[in-house]
Amino acid sequence: MIKSVCGYCGVGCGLEFDESKLLGDVAYPVNEGKVCSKGVSELVSIQTPTRLLRPMMRDTIDSEFKISSWEKSIQNIVSKIKQSKKDKVGFYLSGQLLTEDYYIANKLGKGFLKTNNVDTNSRTCMSSAVVAYKKSLGADFVPLRMKDINKANLLILAGANTAEAHVVFHNKIKKAKKQGLQVVVIDPRYTDTAKIADIHLAVKPGSDIDLFNLISKRIIDECLVDEEFINSHVNNYDLLVNKFKRVPVTKMLKRTGLTKEEFEKFWLLYKNSPNIITAWTMGLNQSVQGVDKNLALINTHLLTGKIFKEGNGPLSLTGQPNAMGGREVGGLSTMLAVHLGFDEESIKKVEEFWGVKGISNKPGLTATQMLEANLEVLIVCHTDPIYHLPNRNKMEELIKEIPLVIEINAYENSETSKFAHIKLPAAPWGEKEGTQTNLDRTITKQEKLTRTSIDCKADWEIFQLIAQGLGFKKDFNFSHPKEIFEEYQEMTKLNSYMDIYEANYDELNSEPFIWGEKIVENKEFLTKNKKANLFFVENKLLSEKASLEYPFILLTGRTRDQWHSGTKTNLPRTLLKFKELNFCEINSEDANSLDIKNGDEIIVKSKRGELISYAQVVETIKKGTIFIPVSNRDMNYLTNDIYDKESLEPDYNHSAVKIEKRI
Ligand SMILES: Nc1nc2c(c(=O)[nH]1)N[C@H]1C(S)=C(S)[C@@H](COP(=O)(O)OP(=O)(O)OC[C@H]3O[C@@H](n4cnc5c(=O)[nH]c(N)nc54)[C@H](O)[C@@H]3O)O[C@H]1N2
Ligand SMILES: Nc1nc2c(c(=O)[nH]1)N[C@H]1C(S)=C(S)[C@@H](COP(=O)(O)OP(=O)(O)OC[C@H]3O[C@@H](n4cnc5c(=O)[nH]c(N)nc54)[C@H](O)[C@@H]3O)O[C@H]1N2
Ligand code: SF4
Ligand SMILES: [Mo]
């Protein structure tokens with residue numbers, strides 16, 4: 001029997017591989033044997049005809065791909081990189097890569113090529129949470145664990161649909177409910193998660209800052225502030241209190257769309273709950289004010305001292321399996337490595353560690369900026385930007401201008417592949433090994449369960465080949481992921497609070513390592529003066545507004561059995577098709593007024609583009625709002641490319657659209 005870990009979502013469930021079957025690992029602390037449909041079918045998806053199995057090349061994106069060799073493909077990439085200015089090379093990575101892949105790509109990009117253009121699709125996902133945690137707590141650090149829900153009295157889920165997106169965690173919530181946990185869901189839709197809630201607050205899209213500010217206001221007004229905690233652990237309290245004296249309470253409540261009664265019922269539960277966890281995901285992060293939404297939420301925990309205390313805290317639910325590991329390595333263009341920034345001291349430490357000189361102190365391009373930066377070479381690995389970036393028509397035009405687009409993928413049918421010149425075949429889950437960190441700092445190991453397909457390579461090996469081609473053989477001479485992990489572990493010693501060097505690679509698949517527990521025990525924030533920061537934020541109403549021409553607000557999100565673009569889950573031979581792939585939820589009153597019936601073919605249009613879908617007439621979504629699942633690969637023809645000014649995360653969730661019945 002081999003133990004491994006699921007490579008889909010941020011929960012990170014332990015799996016056991018027994019006689020060609022995958023089961024949940026009963027002894028594994030994260031999931032105790034539970035697993036969802038995606039986890040158990042990991043192996044099915046590597047046996048599909050849509051795998052990319054050979055390197056492919058073509059001169060222009062209008063010609064056909066031809067099979068190439070590794071040697072020739074790498075040579076082409078290397079010579080183009082050599083001819084290019086280093087700030088015209090971009091590495092577009094993914095929160096689904098393993099830590100070792102990230103480490104090699106980051107070391108090559110920032111350390112040896114001297115370009116900080118190393119970023120990841122986490123930019124479209126968690127970057128608002130990263131920035132907010134850093135601003136308020138001093139570091140990108142999740143201050144509690146999933147199991148804390150067993151000690152909490154109240155769990156607030158804001159813009160998070162755990163029933164579909166963090167399935168095994170959702171199971172744990174249901175179990176904790178039986179022990180008395182109360183659940184509040186804040187979501188414009190009555191989701192499957194809302195069904196288990198004691199209170200569902202169907203807020204208007206984009207109004208979360210108002211709601212969290214209303215909570216903070218009441219905490220202050222009703223003297224529920226933990227003054228002792230504030231005095232010794234929190235900055236900016238007086239400033240915040242002064243600001244809150246003048247907030248327009250009635251207007252704020254009106255913007256949330258909630259009635260006074262709804263808010264008061266929630267407030268009663270809130271103020272009578274000794275231990276509170278607030279968890280959030282894309283409903284807050286993917287916003288033009290994503291960072292502010294996070295800060296408004298974190299404020300409520302700092303004011304009440306409900307943090308660094310069992311059963312309490314602001315819990316960012318990371319989506320991808322190793323977005324956390326990637327962030328720990330430093331795979332964002334706005335950081336250097338191991339949570340260090342681009343200050344002189346950090347650069348010096350990292351230069352010494354890697355034995356290089358001249359690391360740039362300028363933050364690199366974010367994933368959301370790369371296509372607009374006239375790059376000469378773009379290397380995309382384990383992600384599909386043309387599928388996932390907003391305003392797709394514009395992105396398609398931009399990527400066409402890049403002279404060399406390299407795509408490293410385990411499957412051949414991504415949307416980005418339509419714009420690639422070179423495709424390199426990666427070994428997927430099960431054909432390789434390496435480590436990942438789940439959403440609550442648990443470091444685990446994926447195990448190799450079957451032989452690597454003949455011409456495929458692990459992602460780190462591919463980056464290493466490029467590095468070697470560029471002449472950096474001595475520093476990129478790893479023969480096994482364990483060696484990379486151990487070099488990375490050494491590097492974590494450069495950062496005083498990272499204790500990842502204490503983990504033991506060989507044991508990780510059965511005994512995961514939880515890093516940062518000392519920070520929690522010591523209750524020490526990671527800011528300069530060891531105190532957390534409060535920030536006053538206001539809803540600036542920056543999202544696109546519904547208008548007479550485009551009267552609906554579009555929400556997009558997950559369904560339980562599909563994984564994003566579906567290269568691994570939308571397969572003819574699997575059972576992973578319980579829900580339709582292409583539907584559009586619309587409120588029954590809205591549908592009536594447009595004479596749209598269930599199942600009707602519709603065209604959804606925004607100022608930027610359009611797509612075809614099928615109406616699902618429901619009562620579970622707010623009037624004026626529609627929902628399209630991310631399994632509709634065309635969703636981003638509609639979405640707006642405006643970004644949070646600090647995190648550069650897109651405002652995916654709030655684009656104005658109209659609907660026409662297709663005749
Ligand atoms: N409108 C809208 N847009 C969104 C979102 C939204 O909610 N709404 N969500 C955003 C978020 S949060 C995210 S995380 C992104 C996700 O968007 P993407 O990351 O683009 O989506 P995936 O389909 O997960 O892409 C993963 C790719 O990796 C490939 N792959 C699988 N295994 C391997 C492997 O082992 N190695 C390599 N090299 N490749 C492999 C898959 O075939 C696939 O093409 O989308 C973002 N875009
Ligand atoms: N099955 C499955 N699971 C996944 C994934 C997958 O592709 N498939 N992807 C993984 C990834 S990368 C991610 S990032 C996570 C995402 O995990 P979630 O964020 O939980 O998933 P979404 O479906 O995007 O849910 C966002 C919710 O926010 C709500 N929402 C939209 N606008 C607002 C708003 O203004 N305010 C509030 N309060 N709510 C709002 C939406 O209605 C939706 O229910 O899922 C992970 N898990
Ligand atoms: S909940 Fe997430 S980690 Fe667990 S089996 Fe499902 S997809 Fe995998
Ligand atoms: Mo994500």
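Trainee: Which helices each supply at least two residues of the lining of the second largest cavity?

Mentor: In this predicted model, those helices are H1, which spans 37–40, and H6, which spans 167–178.

Trainee: What makes the space a cavity rather than a pocket, and how many such spaces of 30 Å³ or more are found?

Mentor: A cavity is a set of grid points where a 1.4 Å probe fits but cannot get out, whereas a pocket is an open set. Searching the whole structure gives four cavities of 30 Å³ or more, and the second largest cavity, with a volume of about 100 Å³, is the one discussed here. Of the 14 residues lining the second largest cavity, those closest to its centre are Cys6, Cys9, Cys13, Cys36 and Val168.

Trainee: How do the residues of that lining divide into nonpolar, polar and charged?

Mentor: The lining of the second largest cavity has 10 nonpolar residues, three polar ones and one charged. Cys and Val both count as nonpolar under the classification used, so the residues closest to the centre, Cys6, Cys9, Cys13, Cys36 and Val168, belong to the nonpolar class.

Trainee: Why is the second largest cavity said to lie between domain 1 and domain 2?

Mentor: Domain 1 (14–122 + 323–503) and domain 2 (127–317) both give residues to the lining, so the second largest cavity lies between them.

Trainee: What makes the pairing of His388 with ligand 1 a polar contact?

Mentor: The cut-off for a pair of N or O atoms is 3.5 Å, and a polar side-chain atom of His388 lies 2.7 Å from an oxygen atom of ligand 1, so the pair qualifies as a polar contact. Thr567 also places a polar side-chain atom 2.7 Å from an oxygen atom of ligand 1, while for an N or O atom in the side chain of Lys432 the distance to a ligand 1 oxygen is 2.9 Å.

Trainee: Which backbone atoms lie within that cut-off of ligand 2?

Mentor: A backbone N or O atom of Arg558 lies 2.6 Å from an oxygen atom of ligand 2, and a backbone N or O atom of His564 lies 2.9 Å from an oxygen atom of ligand 2. A polar backbone atom of Gly159 is 3.4 Å from a nitrogen atom of ligand 2, which also falls within 3.5 Å.

Technical notes
Residues numbered from 1 in each chain as written. Chains lettered and ligands numbered in written order. Predicted model: local features only at pLDDT ≥ 70, side-chain atom pairs only at ≥ 80, totals over all residues. Heavy atoms only, no water. 1 Å grid on protein atoms, 1.4 Å probe; cavity = no way out; pocket = protein on both sides within 12 Å on 5 of 7 lines; lining within 4 Å. Points joined across faces, edges and corners; volume = space filled by probe spheres on them. Helix = DSSP H or I, 4+ residues; strand = E, 2+ residues; numbered from the N terminus. Domains from an automatic or database assignment. Polar contact = N/O pair within 3.5 Å; in protein donor to acceptor, adjacent residues only side chain to side chain.
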